[in-house]
Amino acid sequence: MLYFSKWKAIAILAACAIIGLMIVPSLIPSAAYDALPSFLQRKIVLGLDLQGGSYIVLQVDQSEVRKGRLEQLRDDARRVLRDDRIGYSGLGIQGDSVQVRIREGQDADGAYTKLRALAQPIGGALSATGQLDTDVSRDGNVITITPTSTGIQARTIQAVSQSIEIIRKRIDQLGTTEPSIQRQGSDRIQVQVPGLQDPSRLKALLGQTAKLSFRLVDNTMSAQQALQGRPPAGTQVLYSDANPPVPYLIEDRVLVAGEDLTDAQPSFDPQTREPVVTFRFNTNGARRFAEATQANVGRPFAIILDNKVISAPVIREPILGGSGQISGSFSVQEANDLAILLRAGALPVPLQVVEERTVGPGLGADSIRAGIIASIVGASAVAVFMVATYGVFGIVAVFAVAINVAMIMGLLAMLGATLTLPGIAGVVLTVGIAVDSNVLIYERIREEARAGRSAISAIDAGFSRALATILDSNITTFIAAAVLFYVGSGPVRGFAITFGIGIMTTVFTAFTLTRLMVAMWVRWRRPQHVPI
């Protein structure tokens with residue numbers, strides 16, 4: 001156990017040095033960091049509680065999930081009946097159900113059979129639960145289609161998963177570092193953006209569904225007349241986002257939807273020099289946009305975002321290139337944020353802000369200062385105890401623990417992990433665990449020496465026989481850290497990451513670095529008795 005070949009010793013020291021030095025990019029100034037090669041640009045990112053930032057919790061609006069499902073069932077029912085040429089005298093949403101009244105009694109059986117196919121297994125066709133997301137019932141000529149509560153819950157969970165990916169795209173384009181976006185329960189999303197001190201901008205960016213559509217403005221009557229009377233069939237009155245809002249009579253038919261956008265960028269109008277957003281469609285969107293503008297030259301068309309009219313220009317000539325621009329008296333930041341929303345895509349359902357807060361950088365600095373002080377005090381107390389109790393071997397243990405901490409920070413930097421205040425606590429706790437491994441080894445050496453072994457034999461046996469005990473204790477502790485990582489979120493996960501990495505580096509340093517240093521000391525001093 002105490003013999004190390006030359007190359008094995010070099011490999012151990014090199015591994016410790018390389019991993020430990022990976023913390024250096026996190027400590028140097030930004031200018032020097034930017035000058036480093038790309039493969040060395042790895043640094044520890046401070047979490048929200050250490051550098052400040054914005055924290056927000058969003059909740060999926062289940063009423064909108066239900067509303068969207070009912071509208072989908074209504075449209076699907078209309079399509080099924082039309083395809084099978086089954087006449088109906090009424091089809092619409094009544095409360096929490098879709099009701100269909102079949103015109104001819106002899107068609108009711110066939111319509112019921114066809115509409116029952118709208119009910120799908122929860123979780124897809126491969127789901128083994130046997131539960132359906134929709135209940136279809138019949139009372140004479142009236143067929144009622146009702147989304148089940150379990151089906152709505154499943155769609156809510158699906159909406160949360162889709163929203164997380166869209167939120168991540170939106171925040172990534174803000175240029176912030178290491179945002180934390182996690183599911184909270186079945187219908188909430190927790191978002192932490194370290195370094196972003198403007199929660200109102202974050203709330204505005206995430207609170208918008210960003211459903212974009214291009215529709216024609218109805219010229220058969222003015223918006224004021226529609227408000228005073230009754231709008232024509234297939235139209236509705238929407239307002240602009242100006243102050244005061246301007247009403248427009250808009251056709252329900254969508255010329256082109258935002259799903260056909262491939263890119264959106266902030267720019268400046270070459271004539272007015274005002275901020276605008278330029279956009280580009282995919283092949284399908286470009287074709288539909290060209291057809292719509294060719295057929296409606298001279299008519300105004302509205303660019304609508306979340307049922308707000310952004311602008312309503314007049315089509316002067318066909319737009320055949322598949323691109324255009326959106327103007328609306330934007331500021332530079334508003335144009336940039338709108339471009340981000342359009343590039344990231346629309347949320348499946350609206351999200352409500354249920355909690356928000358901002359952590360100032362001053363509080364984060366206080367947390368760092370407190371964490372450093374706690375680390376220094378704890379490490380100093382451990383060092384004094386080890387040196388006083390084990391002498392030379394205590395000095396070896398303290399040096400190994402220092403290398404252990406450097407390796408933890410180096411691995412965090414290599415992984416680009418986020419360091420939080422609980423993470424610092426995990427590092428401090430690792431110091432105690434690392435020392436505990438050395439205590440087990442040294443006490444075992446003492447026992448072997450008392451049993452009559454020579455100094456070198458006792459040291460060798462101490463390392464050999466303590467291995468199983470240390471592995472057992474660290475493996476069980478690592479299992480606990482792994483459970484915390486997979487079950488926990490936020491600060492709990494930050495603690496689990498540093499703690500788990502610390503356990504792995506502790507086992508490495510205890511049985512390679514500490515043993516190597518003790519072996520080098522034994523070879524140098526050739527002790528006749530154990531100095532502990």
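Author: In this predicted model, a nonpolar patch is made of residues with over 30% relative accessible area and no salt bridge, whose nonpolar side chains are joined within 5 Å.

Reader: Which residues form a nonpolar patch on the surface?

Author: Leu 471, Ile 475, Ile 479, Val 483, Tyr 486 and Val 487 form such a patch, and together they have about 630 Å² of accessible area. Of these, Tyr 486 has its place in helix α15, which covers residues 455-487.

Reader: Why is Tyr 486 called exposed?

Author: The relative accessible area of Tyr 486 is 66%, and a residue is called exposed when that value is over 50%, so Tyr 486 is exposed.

Reader: How do you know that the span of helix α11 agrees with its number of residues?

Author: Helix α11 has 13 residues, 332-344, which at 1.5 Å a residue should span 18 Å, and because its end C-alpha atoms are 19 Å apart, the two values agree. The buried residues of α11 include Asp 337, Leu 338 and Ile 340, and just after α11 comes Gly 345, which takes a positive phi of about 100 degrees.

Reader: What makes strand β9 and strand β11 a pair?

Author: Two strands pair if at least two bridges are found between them; β9 (residues 212-217) and β11 (residues 247-257) have 4 bridges, in the antiparallel sense, so they pair. In this pairing Ser 213 stands opposite Ala 257 in β11.

Reader: In what sense do strand β10 and β11 pair, and over how many bridges?

Author: Strand β10 (residues 235-240) and β11 pair in the antiparallel sense over 5 bridges, with Thr 235 opposite Glu 251 in β11, and a hairpin joins β10 to β11 through 6 residues.

Key. Residues numbered from 1 in each chain as written. Predicted model: local features only at pLDDT ≥ 70, side-chain atom pairs only at ≥ 80, totals over all residues. Heavy atoms only, no water. Helix = DSSP H or I, 4+ residues; strand = E, 2+ residues; numbered from the N terminus. Expected span 1.5 Å × (residues − 1). Buried < 20%, exposed > 50% of the residue type's maximum accessible area, 1.4 Å probe, protein only. Patch = residues over 30% accessible without salt bridge, like charges linked within 9 Å, V, L, I, M, F, W, Y side chains within 5 Å. Areas by Shrake-Rupley, 256 points an atom, 1.4 Å probe, with all protein chains shown as cover. Salt bridge = Lys/Arg side-chain N within 4 Å of Asp/Glu carboxyl O.
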